[in-house]
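Open your viewer and get ready to select residues by number. We will stop at a few places and look at what is there.

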Amino acid sequence: MQAPFDFQTLFELSPNPYMLLDRELRYVTANSAYLRVTASRLENLVGRTPFDAFPHDPDDPANASTRMLRDSFRRVLTERVPDTLAIIPYRVPRQTDGGVVLEERYWSATHTPLLDGRGEVAFILQHTMDVTELHQLKQAVRGPETSLDGGGPRTQLMSGVLARAQAVQEANRVLDDERRHLRRLFEQAPGFMCSLKGPEHVFELANRSYLQLVGHRDLLGKTVREALPEVAGQGFFELLDRVFTTGEPFVGHNMGLQLQREPGGPLVEAFLDFVYQPVIEADGSVSGIFVQGHDMTAQKRAEDELARHRDHLEELVRARTRALEESEAERRQAEAALLQAQKMEAVGKLTGGVAHDFNNLLQVVSGNLQLLQRDTVGDSRAQRRLETALGAVERGARLASQLLAFARRQPLAPTALSLGRLVRDMDDLLRRALGEDVEVETVIAGGLWNTSVDRNQLENVILNLAINARDAMDGRGKLTIEAGNAMLDDHYAMMHPEVTAGQYVLLAISDTGAGMTPEVMQRAFEPFFTTKPEGRGTGLGLSMVYGFVKQSGGHVKIYSELGHGTSIKIYLPRTFQAAAQPAETGTGPVEGGTETILVVEDDAAVRATVVEVLTELGYRVLKAHDGQSALAVIQSGLPVDLLFTDVVMPGPVRSPELARLAKAHLPDIEVLFTSGYTENAIVHGGRLDPGVSLLSKPYRREDLARKIRVLLRGREQRLAAKPYRAPTPAPVEAKANGALRILLVEDDADIRESASELMTDLGHTVLAVESAEAASEALAKDAFDLLFTDVTLPGKSGVVLAREAVRLYPALRIIIASGDSRAVSAEDGKALERVVLLPKPYDLNQMERALEQAAMDAGSSARTRSA
């Protein structure tokens, strides 16, 4: 078989003129026929434009012929379709016997685009024909006829030929315009369109919307299975086959299609409305399929989203309807809870007031009974009676303590503790109290948080609940004590208004007893309510638990079912402090001393009793009936080692103020408070103020002796630890008694109040502000001996404030309090060379030592106030 010519050979041997331009309309090549008719050489054309190589009229670059040629090239570049110039006059060189001359010739030109892989025009191929003679003949026919002999029929024939040629040319022009218009409509149609030919569905045409739908890829000349392989198995190829075979159109609505729009990319889902319309020929056969449709993906997704929102809205309506149905029951439940809380509060106020007077009476009885015991030594009969009486006093004291617990008036001394360790430490005590027939199981969760509560009171709560459980099980059953972490969320807090949402440590005590009825559960925490037989219970056990938990900032809940037992769950607030070791309780021998004690008590009987007890212990006792009288004794100059004062007293001088003034006059004096009902004098938020020592009424002689001895022994150790210092002149602005004028800077209101009160109790004058900016204003207005500042403040930090203050007031002493030992850097330490660092949390003794250290430094140089 003979090998075909290559295209370059065909191009060169073609008798018709051809030339090839690039996108910039520069010559790329031209065949021999083109070079002959233009009398040109190829090397003189390559790289130049036709308008440069063959200017039609150099004197008029914008002449009509040039415009016609440029417009044709532009149409090819923009529309990417062939363009034809039926006739165009253009002046080109021509080879004649006399040499190369410029001659205007008439041409018919076809410009064909050659596309690249992206579908853009890369080159333009021009095919031209010289129609000068034909045009001249047409012009001659139009002139007057000059001959009738033999010339008439020829002229008429030529005229007819030219007329038909002109008509054909005009028809071709019209058809060409219509073709271009239809092509533009096809390309710019908003819906996607394509034309498939033959039973293999070969792509003939595809508009831009179709290419955008399937991803721009090479389609023309390929079958649908070859061009769109990922569509296989989705049913579309089979639909095309059926339309081509049957000649019946197919209309698809909202049909899903998976397409791979990027090579190697994921399949993307589209939803389409479309028509497969068969192309029917004149003989009735199907030659192809015209595809037209719209991409409905965005609308489909919007409809799906709307449906989801509608379903969600309907669910919200149903949920709101349920909530409205439940709200009435919740409202009734809340009203009942509010009435119950109001009742409990009223009873609490009553019991708190009763307990105060009751404890004073018990103190008189207890003190005199203990004195009688010493007077009747050797009389066994009298001793037995006194023991019985003292036992009754102790039971009365426990009763008063339970009343105070329910009223939330007992003074608590909370410390950070591990609930799991406390429960384990009580294991032996609980087993002895419950007996052998009660099985005790403890379950302690891993990673248990710490809580901050009064250890002794919590032990009483656990023991009390365990004994209640034993009684509910008639001495035989299983008691489970569980400790774990719990979170009470906002919804739970909303259902229980007295609860604050947050993190808690859970203590659950469960039994296998008879359980409670709903009516009993509703009244279980009321004081004096009991289901036990007369004489077997006071009805204060659970009320004491209730009061203690509430006063500790916690929450208590009863879960019970008749015949299945009861579970009491106590939620105690979490603390981030490390667990403290329990303080050792005084169990040693009763000791007295020779120190001087000032007793302040408004109840004459109680005062007489305690004076007699202390005198018997060897102490020198001074007495006063109110705070004002006690202050006069202290200011008289008499030496006093310990102030023993009742909390609730008549007169203008309250007990905390008395203690503060006493320490101002006698810095080394010890203070011991006593009360049967503390109110808010030394207890805030249900907790004893920091550094306060309290002996609750009624107390035994042994408890009083041990408490006083502990305080006085601590005083002795503190005095012995003080280094001896030679007297130094007082600072210019310091008071004669050693008190300092202190500027306290602390943004936390609670810490600011307590720290200010502690410093005032130590005898100093304090101005408290909440920011560094306020402190700067105060320093500019008044004179201070010492700046006591927290590190973290809302504006400038305490360290920055301290550095500025030292620069402006060199004699000012600085104490910086912080929970982070790294808060003051080494660089700050050099700038603040006499700074005293006080780590948080601090107690009264630590604060006192820091103030003493700062005062020692302050004594060397008094601050001079700047103008």
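**Before you start**

This is a predicted model, where local features need pLDDT of at least 70, side-chain atom pairs count only at pLDDT 80 or more, and totals for chains, interfaces and linings use all residues. Residues are numbered from 1 along each chain as its sequence is written, and side-chain values use heavy atoms, with hydrogens and water left out.

**Stop 1: confidence**

Colour the model by pLDDT, the predictor's confidence in each residue, from 0 to 100. The protein's mean pLDDT is 80, and 79% of its residues reach 70 or more. Now select residues 145-150. Here pLDDT stays under 50, and the model has two contacts beyond four places in sequence. Contact means heavy atoms within 4.5 Å. Next select residues 724-736. Again pLDDT stays under 50, with 14 contacts beyond four places in sequence. Where pLDDT is low, the predicted coordinates should not be read in detail.

**Stop 2: an antiparallel sheet**

Helices (H or I, at least four residues) and strands (E, at least two) are DSSP runs, numbered from the N terminus. Two strands pair if DSSP finds at least two bridges between them. Find the open sheet of five strands with antiparallel pairing; its order is 7-6-10-9-8. Which strands stand at the edges? They are strand 7 (202-206) and strand 8 (250-259). Each has a single partner strand, so one side of each is left without a neighbour in the sheet. On average, neighbouring strands of this sheet are turned by 30° against each other, direction ignored.

Zoom in on strand 6 (residues 192-197). Strand 6 pairs with strand 7 in the antiparallel sense over four bridges. Look for K197: V202 in strand 7 stands opposite.

Helix 9 lies across strand 6, strand 8, strand 9 (268-280) and strand 10 (286-295). Helix 9 runs at about 150° to strand 8. Axes are lines fitted to C-alpha atoms, for helices over the stretch in contact, and angles run from 0 to 180 degrees between N-to-C directions.

**Stop 3: a helix pair**

Select helix 13 (residues 427-434) and helix 14 (residues 455-472). Their axes come within 10 Å and cross at roughly 30°. Helix 13 and helix 14 are therefore roughly parallel to each other. (Angles under 35 degrees count as roughly parallel, over 145 as roughly antiparallel, 65 to 115 as roughly perpendicular and the rest as oblique.) Show side chains. L430, A433 and L434 in helix 13 meet I462, L463, A466, I467 and R470 in helix 14.

**Stop 4**

Find the open sheet of five strands with parallel pairing, in the order 19-18-20-21-24. At its edges are strand 19 (620-624) and strand 24 (694-696), each pairing on one side only. Strand 18 (residues 596-600) pairs with strand 19 in the parallel sense over five bridges. Pick T596: the bridge partner in strand 19 is R620.

Helix 18 lies across strand 18, strand 19 and strand 20 (642-646), at about 165° to strand 19. Helix 19 lies across strand 18 and strand 19, at about 160° to strand 18.

**Stop 5**

Which residues meet here? G627, A630, L631, I634 and Q635 in helix 19 meet L658, L661, A662 and H665 in helix 20.
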